[in-house]
Amino acid sequence: MKAIRGRLLTYRPAPVHEEDGLILVSGGKITAVGPASELIPDLPSDIQIEDHSGKLILPGFIDLHIHLPQTRVIASYGAQLMEWLERYTFAEEARYADPAVAEDGAQFFLDELFRNGTTTAVVYGSVHPQSVEALFTESAKRGAAMIAGKVMMDRGAPDALRDTARSSYDHSKALIKRWHGRDRQRYAVTPRFAITSTPAQLEAAGTLLAEHPGVYLQTHLSENQAEIDLARSLFPGAEDYAGIYESFGLLGSRSLLGHCLHLSPREQERLAETRSVAVLCPTSNLFLGSGLADRGALNANGIRTGLGTDVGAGTSYSMLRTAAEAYKVEQLRGRSLPAHDAFRWITRGNAEALGLGDEIGSIEVGRYADLVVLDSSATPAMAHRMERCESLEEELFVLLTLGDDRAVAATYVQGVGRNSHGSL
Ligand code: GUN
Ligand code: FE
């Protein structure tokens with residue numbers, strides 16, 4: 001058993017804040033939480049207390065959309081989606097055929113997520129099953145909960161990156177058998193998007209979902225106008241882009257659809273009806289010039305929404321930076337995003353989008369002790385700004401607007417902590 005002390009903040013869904021709080025952890029899970037003054041007198045005298053007094057402790061952040069083989073694609077200049085894929089992305093993903101590249105990549109990737117306070121992510125591998133094998137192996141070693149899948153892509157990509165409907169089915173199925181539900185790993189069937197899958201492959205994806213209740217589906221939907229036009233021309237029989245996926249049984253409450261920028265009213269109705277999740281990726285949408293998500297309309301139309309970085313089209317691994325860009329997109333739409341809503345979204349909200357709200361995303365007894373410790377005065381500019389801070393909500397907005405990996409003092413996965421110098 002160990003204890004972690006600090007300023008606790010979680011959402012139920014209203015914010016619950018304990019200025020001097022204590023979390024007790026045993027077997028990787030939270031066994032008690034409350035005011036330090038109430039819990040400390042009953043603790044065994046030899047218990048280890050990791051003291052983060054003065055710093056905020058929140059549930060670890062959850063990233064609903066990120067690409068493992070794009071850690072060396074991030075920050076590639078001057079292209080919109082289709083050209084960006086062809087000019088930069090496919091060449092780098094091809095390197096993941098080499099298991100050594102995949103292993104190195106997975107280690108860097110998880111180090112970087114943890115450095116940014118992200119403890120669970122939904123991850124696209126490359127087309128090579130070994131990319132997902134490497135990620136799950138490393139994640140299991142670290143005790144983390146990751147959701148991932150090998151990309152299925154049997155057309156519209158270079159030879160070296162194409163599988164077939166059959167091989168993508170077989171390789172995905174083998175990975176599901178080996179990893180889905182093992183430790184904390186879960187599988188997401190991952191047809192990249194309609195443009196890079198034949199009808200036969202999308203049908204195979206639908207079969208995988210039907211055969212394995214409980215696995216997720218992730219793909220891209222309605223990100224860029226040229227993409228939308230091409231998808232429609234490749235599936236002339238479909239009513240619209242969302243209709244392509246629906247016709248193969250790919251929409252549902254475990255379906256995570258990246259971007260969703262240019263949906264028609266009919267498409268929005270289908271997403272709402274099937275309880276599919278629209279995963280917004282603001283840093284990516286701004287960087288590739290894809291468009292501005294209409295979160296207000298999506299929510300008003302009853303669509304569940306999540307938030308993801310979409311590295312490497314996204315420009316930061318930090319969910320703080322990502323939520324800050326969501327705030328700016330809302331501003332451009334004449335709305336706003338209150339700080340509590342943003343922090344709720346990247347913790348409990350994204351956990352509920354995954355249907356995992358009873359495991360992760362909040363600081364409550366029985367949840368995994370996946371936590372992030374935040375320092376609101378991490379940089380000179382933040383410390384200087386904090387001198388005028390008068391409320392928790394104001395502090396959170398400073399963290400959101402100025403914070404990044406430098407504001408992450410420590411990250412805990414199942415109660416095991418690490419900071420920038422290594423394990424605590
Ligand atoms: N659509 C299909 N593949 C990708 C990808 O790798 N990144 C983004 N942003 N969109 C995509
Ligand atoms: Fe993406």
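Predicted model: local features only at pLDDT ≥ 70, side-chain atom pairs only at ≥ 80, totals over all residues.
**Figure 1. Overall dimensions of the protein chain.** The C-alpha trace spans about 65 × 45 × 40 Å along its principal axes. The chain contains 15 helices and 17 strands (DSSP runs numbered from the N terminus: H or I of at least four residues for helices, E of at least two for strands). Of its 424 residues, 60% count as buried (under 20% relative accessible area with a 1.4 Å probe, protein chains only).

Figure 2. His65 (NE2), His67 (NE2), His220 (NE2) and Asp310 (OD) coordinate the iron ion at 2.1 to 2.2 Å. Donors are N, O and S atoms within 2.8 Å of the metal (3.2 Å for Na, K and Ca); water is not among the atoms, so sites may look incomplete. The spacing of the donor residues in sequence is H-x1-H-x152-H-x89-D. His65 in strand β5 (residues 61-67) and His220 in strand β10 (residues 216-221) link distant parts of the chain, 155 residues apart. Both His65 and His220 are buried.

**Figure 3. Lining of the largest cavity.** A cavity is a set of points, on a 1 Å grid over the protein atoms alone, where a 1.4 Å probe fits but cannot get out; lining residues have an atom within 4 Å of a point. Grid points are joined across faces, edges and corners, and a volume is the space filled by probe spheres set on the points. Among the lining residues are His67, His220 and Asp310, which also coordinate the iron ion (ligand 2). Helix α2 (residues 81-94) provides the largest share of the lining, 3 residues.

**Figure 4. Lining of the second largest cavity.** This cavity has a volume of about 70 Å³. Its lining includes Leu280, Cys281, Pro282, Arg295, Glu330 and Trp345. Helix α12 gives the most to this lining, with 3 residues.

How values were computed. Residues numbered from 1 in each chain as written. Chains lettered and ligands numbered in written order. Heavy atoms only, no water. Buried < 20%, exposed > 50% of the residue type's maximum accessible area, 1.4 Å probe, protein only. 1 Å grid on protein atoms, 1.4 Å probe; cavity = no way out; pocket = protein on both sides within 12 Å on 5 of 7 lines; lining within 4 Å.
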